[in-house]
Amino acid sequence: MTVKAWFQRLSAPLQKKTWEQDLQEDIQEHLDLAIEENIRRGMSPSEAAVAARQAFGGAEQMKEEYRDRRGIPALETFLREIRIGVRSLSRAPGFALLSIATLALAIGANSAIFSAVNALLFRPPGIAEPDRLAVLRSQYSKLNLHSLVISYDDYQQVEAAKIFSSIALAKSTDFTYTGGSVPQRLSAIRVTWRWFDVLGIYPQQGRVFNKDDEGLPSKPLALLTHAAWQRVFGGDPGAVGKTILLDQRPYKIVGILKPDYVGALGEMGGVGEQPRDLVLPLTIRDDERTRYNESYLAVGRLAPGMSFERIASAMQTLTARLHMVGRRGAILKENGWGLFAVPYNDFAGGEMKTPMLILWGSVGLVLLIAAANLAGLTLARMSARTRELAVRTALGGTRWHLLRQLFTESAMLSLAGSIAGLGVAYLFIRTVERYAPENVIGGLRIPYDWQMLAFTALAGIVAAVLSTWIPAAQLIGAHSSSLLKEGGRSATATRERLRLRSFLVSAEVALALILTVGAGLLLRSLSHLESVHPGLRPDNVMTASLALPEARYKDAEHVVEFYRQLIARAKTIPGATSAAISYPLPFGPGFEGRAFQIAGRPIVANQPSPQANIRLVTPEFFASLGIPLLRGRTFTEQDTVNSPAVTIIDQTLADRYWPNEDPVGQKMIRTNTSVVIGVVGHTTQTDTAASSDRGYIYVPLYQDTLAFGSLIVNAPGDAATLARAMQSTVNAIDPTQALYDMKTMQQRIDATFSARRFTVVLLGCFAAVSIFLAALGLYGVMNYGVTQRTQEIGIRMALGAHRAQVLGMILGQGFKIAAAGIVLGGFAAYWIAASLQDQLFGVQAFDVSTFAAAAIVLTAVALLATFIPARRATLLDPVEACRCD
Amino acid sequence: MEPKAEVPYGTLELLILRTLETMGSVHGFGLARRIEQTSGSLMHLNQGSIYPALLRLQQKDWIKTEWGASENGRKAKFYSLTPKGRKQLKVEVENWERATALVARFFQAES
C-alpha cells in the first residue's frame, strides 16, 4: 500500500465528516444523473428515482465497504467499542465506581510497595548499576563471626587476584562540627578515591576526590551530601571552596553530591543506617595495613561478563590459597576464616529485605482478590445483561463481538483504576515516608517515577486480564443457543456463572485467610517480643551520645578526667538519682560479638570458642538502669588502670560457661586476663532471638577507655528538660563538645521494634482490605442468588417453610462458600507460613490459635455478609414471590 | 428474464481501468453506464459498487480525480488514468489474458 493510502487511512478518523460528505455528494450526483437519464427515456419522476436506486444497489453496504477501505477498521471499531463501553458503564455507575475504587486501592498499594521495594532492594538511588556491585566480607566461621569488614591486607589480596574490575574501601567516622549555633555531630564516611567510580556517584557541584588527594597525612578535604548541604549549610550556593571546622580542624569543601545519593551504606551496611553527611578521603597508614585490622568496608564492581557465581568460586580459591601461607594461614584455616562477596543489593537491603518482600507478596494477593472481585462483578453483570447479550447475538453479533466488548469494558475499568491507583500510590508513599520510622527507610525517599508508572500499567493489565479471563471463558463456553433461550431463570449459563462466582469468592476468602494468618503470626511475634523483659528499667532514663576529639583529649587520662567531671556534674541536675557512661548503650549500635577464653580450660579444636558481647561502663551503669546484681560486687571508682583488671558477666554467660560453679573469682582471657568479680542480670539487645541470647561481658570504662560513649542520666520529670540540662552540663565543661542522638531509653527499646511494627501495621491493613473485598464478593453472590431463587423461596414458604428455615438455608449456603475458602486458604497459609519462620518469635509457623482466630474472623465476616441477603429472603412475601416472573 | 451474470470476482477494477483508458476523464455515473453498455446487458452491475473500487484504484495511485462540471452543469468528480495506471493496465490485461488462456486450455483438454 502506498504512503498516500496509509495517510488517508490514518487521517480518516479525523476527516471522516468531510469525506463522508464527499462520498454522499458523489452518490447524490450519480443518482441525479441516472434519474435525468431515466426521465429522458420516458419514465415518470418517481419511477425514475426508484429505477436509479435499484441500479445503484445497496448504498449503505457500499458505504460500509468504502469506509473499510478508507479508514482503519480496527481503530474505528475500537473507538466505537469504547463509546459503547462508556455508555454501558454509565448505565451501571455503581458497578463501575465500585470496580474502579477496588482496583485503584489494590493497584495503588501495589505500585507504592513496588516503588519502595525497588528503591530499597533493587535500585538504591544515586548508585549506578547496583546489580553489578558486590560487597567484600570476611568470616571466622569457627568463631561464629559470619560477616565482617575486611583488612587492608585482604583488600590487597583480592585486588592482586584481579577478581573485580575495581575495588574501593570505606570506613565511617563521625565529627563534631562547630560553626553553627551549637556544636553538631556529623556522620562521615572516609573513602578511597575509586569509591566514586566503583559506585558511580557524581557531584552536583565541585568535584569528587582523585588519586592525588590520597597522600599522607590525609588531606583536609570534604564533600557534602546534598541533604547535609541543605540541613547544615542552608543550601548555601557558595559552600564549595569554604573551609569548615570538624573536630576543631579545618577542612575544605570541594564538592556537593547529587541529591539522590543518601549514602546510607555504613560499616554494617544497608538500609536503616544513618544517612551520611560528609565524604572524606581515606588514607591508610602503614601501621593500619596489618592483617588483623579488619575495619574497612570494601565494595567491588564486577568486570563485564563476570557473574556472582564466578566471583564466589574465585573468592573460595583465594581463601584456600591464603590458608596455605605459613603459620598465619594455618591459624586462619583453624578459625574457619574466609573471604566472600555479597551482592550489593542483598547487603544494602539489610534487615528490611524479608519484611519488604513479605509486604510485596501480600499486596500482590490483595491485587488478586481485587481482580477476582471484578471478575465476579463482571459475571454478575453478564447475568443481568442476559437479554441484551441475547438480542445482540440474534442480531448477528458474533461471540467475538461480545468478547471484544467484554475486554474493552474491562480494559477501561482497569485503566481508570490504574489512573486512580496512581493517586492512591502517591498518598500511600507520602504517608509511609511520613510515618515510617527513621531506622526503617533511613532517609530514603521513595521515588514516584517512570518505573513505578510502568509497574502501575503492568498491574493494570494483569488486573484486566485476570478479571476478564473467567467471564470470557464462560462466554466462549456458553452455547449461543443457550444465550438466546435464556429468558428463564433456570438457564444453565446463569447457573454456571453463579457457580463460577461462588468459586471466585471462595478463592477470595482463601487469599484473605492467608493474609490474615500472616498478619496474625507477625502480630503475635511482635507482642511476644514487646513483652520480653528487656532486663533493665527504662523509666526516667535519658541517653545521649558524645565523642571526644583526639585533638583535645590526647590520652586515656584526659578522657577519664572528662568522664568523671561529666558524671559528677550530671548528678547535680535537679532530680537526678544516678548517671553513667557506657558503650555500647543497651539497644544502641555497638561492637559485634567477641570470642574469649576461660583460664584453665583447654581450647578444643573445631569448637567455637566462648562468645560474648562487650560493654564498657562506669560504676553507676547498673544502678542507673536497674540491672540487678546477682552475685559478687559491681565496679567502683577504684577499678582503674592502676588496679587489677576486673570483669562482670551476666546471668546468661554464667549459666552457659559456668553451669555448675561460681564464676566469681574465675579468670577469663580477652586481650588481657581479668578476674570475674560479679554476675548481673541479662539484658536483651535487639529483637532477633539469635543475638538476644548472647551474654554480656562488662568492663570498667576507666580501665579500658574509649573516647566515645553515651551518657545515661536517671532523673524523673520531663524528658526534653532533662535533655537540655544534659547538653548544658556537657558544654559547661567543654563548649565545643556536641551531645547527639538524644533519646529516652524507652524510645530506644521501641525503635528496635519499629521495623516490625511498621510491617505488622501495613500487613494488617492489607489483611483488612482483603477481608473487606472478600466480604463484598460474598455479599454480591448471595444477594444475586437470593434474587435468582425468589420464586423457589416463595414456593418453599407457601408450602410451609419457616422464615428461620429460609434464613438458615441461605446462611448455610454462604457458609459453605466461605468454609471452602477457609479450608483451602488454611492449607495454603500452612505452606506459606513455613517460609515466614525466621521472621517469627515465640510462635510456631503453624500456630493453632492464630489459624483458628483467622478462620473465626473470616467466618464471622462471611456470615455477616450473608446475613443481609438472607434476611431479605425471609422478608419475601410468598404470594408476590411466586407471581414474580 | 434471463439471469444476468454478476461481475466476475476481481475483474471490476480491470473493467474500470479499461473503460477509463478509452473514455479519458469521466464521472462515476458515466463510468457505470459505459460498463453496463459495453457488457451489452449480459452483466448485472450494482452501480454503487464502483465507488469502493475507485477508491482502491485511487489509493494505488492508478487513477486520479478532479472536480469538473457534469452534463447538467453541476460540480462532479471526474476520474482519469494516471501514467502509472496506464502502465498497470497493460500488466493487468496481460495477466488476465494469461489466466483466461490457462483456464481455456483446461476446458479444451477436458472436452
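## Salt bridges overall

Counting over all chains, this predicted model holds 29 salt bridges.

## Pairs within chain A

Let's take Arg207(A) first. Its salt-bridge partner is Asp213(A), and the closest N and O atoms sit 2.8 Å apart.

Next up is Arg631(A), which pairs with Asp662(A) in a salt bridge, with 3.3 Å between the closest N and O atoms. Arg631(A) belongs to strand S17 (residues 629-632) of chain A, whereas Asp662(A) is in the loop between helix H21 (651-657) and strand S19 (667-669), so this pair ties together parts that are 31 residues apart in sequence. Both ends are partly exposed: Arg631(A) has 37% relative accessibility, and Asp662(A) has 39%.

Then there's Arg670(A), whose side chain meets that of Asp704(A) in a salt bridge at 3.5 Å, N to O. Here both partners come from loops: Arg670(A) from the one between S19 and strand S20 (673-680), Asp704(A) from the one between strand S21 (696-700) and strand S22 (708-714), so parts that are 34 residues apart in sequence get tied together. Arg670(A) is partly exposed, with a relative accessible area of 24%, and Asp704(A) is partly exposed too, at 31%.

## How chain B is put together

Chain B comes to 4 helices and 5 strands. Follow the sequence along and the pattern reads β-α-β-α-β-α-β-β-α. Of the contacts between residues at least 6 apart in sequence, 52% join residues at least 24 apart.

As for burial, 41% of the 111 residues in chain B are buried. The chain exposes about 6,600 Å², and carbon and sulfur atoms supply 56% of that.

## A nonpolar patch on chain B

Which residues make the nonpolar surface patch of chain B? They are Leu102(B), Val103(B), Phe106(B) and Phe107(B), and the patch covers about 440 Å².

Phe107(B) is found in helix H4 (residues 83-110) of chain B. With 59% relative accessibility, Phe107(B) is over the 50% cut-off and therefore counts as exposed.

Definitions and conventions:
Residues are numbered from 1 along each chain as its sequence is written. Chains are lettered from A and ligands numbered from 1 in the order in which they are written. This is a predicted model: local features need pLDDT of at least 70, side-chain atom pairs count only at pLDDT 80 or more; totals for chains, interfaces and linings use all residues. Side-chain values use heavy atoms; hydrogens and water are left out. Patches are made of residues with over 30% relative accessible area and no salt bridge: like charges are joined within 9 Å, nonpolar side chains (Val, Leu, Ile, Met, Phe, Trp, Tyr) within 5 Å. Accessible areas come from the Shrake-Rupley method with a 1.4 Å probe; for residues, only the protein chains shown count as cover. A salt bridge is a side-chain nitrogen of Lys or Arg within 4 Å of a carboxyl oxygen of Asp or Glu. Helices (H or I, at least four residues) and strands (E, at least two) are DSSP runs, numbered from the N terminus. Buried means under 20% relative accessible area, exposed over 50%, partly exposed in between (1.4 Å probe, protein chains only). Contact means heavy atoms within 4.5 Å.
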